[in-house]
Amino acid sequence: MNLQNQYDIKDLSLAEAGKRRIEWASKEMPVMRLIRERFAAEKPFKNIRISACLHITSETATLALALKAGGANVALCASNPLSTQDDAAAALVEYGIPTNAIKGEDETTYYKHINSALDSNPQLTVDDGADLVTTLHTKRKDLLKNVLGGTEETTTGVIRLRSLEKAGGLKYPIIAVNDAQTKYLFDNRYGTGQSTTDGITRATNILWAGKKVVICGYGWCGRGIALRAKGLGAQIIVTEVAPTRALEAVMDGYQVMPLIEAVKIGDIFITVSGDKHVIDEAHFQAMKDGAMIANSGHFNVEINIPALESLAKSKRRIRPFVDEYTLNDERHLYLLGEGRLINLASAEGHPASVMDMSFANQSLCLEYIVKNRSQLETKVYPVPEEIDKEIARLKLQSMGINIDSLTPEQKEYLTSWEEGT
Ligand SMILES: NC(=O)c1ccc[n+]([C@@H]2O[C@H](COP(=O)([O-])OP(=O)(O)OC[C@H]3O[C@@H](n4cnc5c(N)ncnc54)[C@H](O)[C@@H]3O)[C@@H](O)[C@H]2O)c1
């Protein structure tokens, strides 16, 4: 394929390094390997155009290559300005996949890249955070008529799409991949837990043991980060707005308090709520000298960065991914990764083994849309239960783990009401 003018990446000469990292990641993705082999034989996406807006990483490359093996024409763009692995992007171009993504791109380039991916006139969309779908529904409406369906990878994207559906604006069916058990229980919890602590460690080289770590939001990601930071010896403080989640954090053994109290004692702050301005001006005003602030939620609005900028009398980059803000009272606050998802900004995102399940969901849901397109309505669908269960079965199989199955007597018992005490 002639890819001239169809890609915009940092440096094509990084392709060999990218190919080696993709090969390394794919070793930890046995479920995707099986799916790719079947797609190559069955060609479920023959001549279908797919525009995918995802973090451009070595794991995403394995998804793109599986879809391509299945006959699709895939165009890729970044779902975050700071999450692209430039070597993976270069390798993807060499593998014949038009890719538009450069780590550190500004907002104008970010949307230019989304529009480039949409220029392929997609029949399927894959999104992570719903920026591509939003662009399609607002600025590129002319392309909507050809779209059969799409998938959404993350919590924030699903929230946006459900709001769009509720407002009557959604124009094609979308499957909420995030809501599969084989996605959020593993990717959001163990993936974000490990990669967020990894990202903060790589950016700062701090010792976690003995630190007071404040986690804003105790959802699936927050639980995972708390678990891993506790394992590294940190004392965990959780802030929440949902009473049940706050109660769960208490019974998991963590301190729970309003953020305005936590700021007086916390050493490291991590937002992971999907909400806006969770850490705001009043919080910066009360933080200790030397406090570090990071975000692992989808968008960089969780920390009110403009408020921090206006409070600071100076700012300097003291290390890659660490900006030091000096306030008027001489306190220093450290913003990590420009407030963008720290696990992708300063580390490599989720380990391949969890992305194996997330992207198996993506692959099988896209195939499901193609096969069932005539029956699907214009709404946000959950992942079909049979897909979710099959991915768990395949993952266990790949790990060499067998489980028990119900006897006929147990099946009968579990579906009856007559038998009691
Ligand atoms: N970094 C990554 O790689 C990665 C991976 C998966 C998801 N995400 C993103 O992380 C965010 C969280 O995802 P999740 O699956 O854990 O969501 P979730 O809905 O399970 O949890 C979010 C929690 O934040 C709480 N919350 C909301 N506003 C708050 C506030 N002002 N203060 C304190 N708590 C507040 C909610 O009550 C909820 O319990 C989303 O933006 C999601 O898209 C990031």
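Q: Is E330 buried, exposed or partly exposed?

A: Buried means under 20% relative accessible area, exposed means over 50%, and partly exposed covers what lies in between, with a 1.4 Å probe and protein chains only. E330 has a relative accessible area of 46%, so this residue is partly exposed. A word on the source: this is a predicted model, where local features need pLDDT of at least 70 and side-chain atom pairs count only at pLDDT 80 or more, while totals for chains, interfaces and linings use all residues. Residues are numbered from 1 along each chain as its sequence is written, and side-chain values use heavy atoms, with hydrogens and water left out.

Q: Where is E330 found, and what is its phi?

A: Helices (H or I, at least four residues) and strands (E, at least two) are DSSP runs, numbered from the N terminus. E330 belongs to the loop between β13 (322-327) and β14 (332-336). Its phi is positive, about 75°, although E330 is not a glycine. N121 is another case to look at: phi is about 60° there, and N121 is not a glycine either. You will find N121 in the loop between α5 (107-118) and β4 (124-127), partly exposed at 24% relative accessible area.

Q: In what order do the eight strands of the open sheet run?

A: Two strands pair if DSSP finds at least two bridges between them. Here the order is β9-β8-β7-β10-β11-β14-β13-β12, with mixed pairing. The edges are β9 (255-256) and β12 (312-319); each has a single partner strand, so one side of each has no neighbour in the sheet. Inside this order, β7 (residues 212-216) and β8 (residues 235-239) run parallel and are joined by five bridges. V214 stands opposite I237 in β8.

Q: How many aromatic pairs are there?

A: Rings of Phe, Tyr and Trp (its six-membered ring) pair if their centres lie within 6.5 Å; planes under 30 degrees apart count as stacked, over 60 as edge-to-face and the rest as tilted. By this rule there are five aromatic pairs. One of them is Y110 with Y111, edge-to-face at 5.1 Å centre to centre and 85° between the planes. Y110 is buried, at 4% relative accessible area, whereas Y111 is partly exposed at 32%.

Q: Why is the pair of F186 and Y190 called tilted?

A: Their ring centres are 6.3 Å apart and their planes stand at 40°, so the pair counts as tilted. F186 and Y190 are four residues apart in helix α8 (residues 181-204), so about one helical turn separates them. F186 is partly exposed at 28%, and Y190 is partly exposed at 33%.

Q: Which charges lie over the faces of Y95 and W220?

A: A charge sits over a ring if NZ of Lys or CZ of Arg is within 6 Å of the ring centre and within 35 degrees of the ring normal. K19 lies over Y95, at 5.2 Å from the ring centre. R223 lies over W220, at 4.1 Å from the ring centre.

Q: How many residues surround the ligand?

A: A residue is near a molecule if one of its heavy atoms lies within 4 Å of it. The ligand has 26 residues around it, and the closest are T154, T155, T156, E240 and S296.
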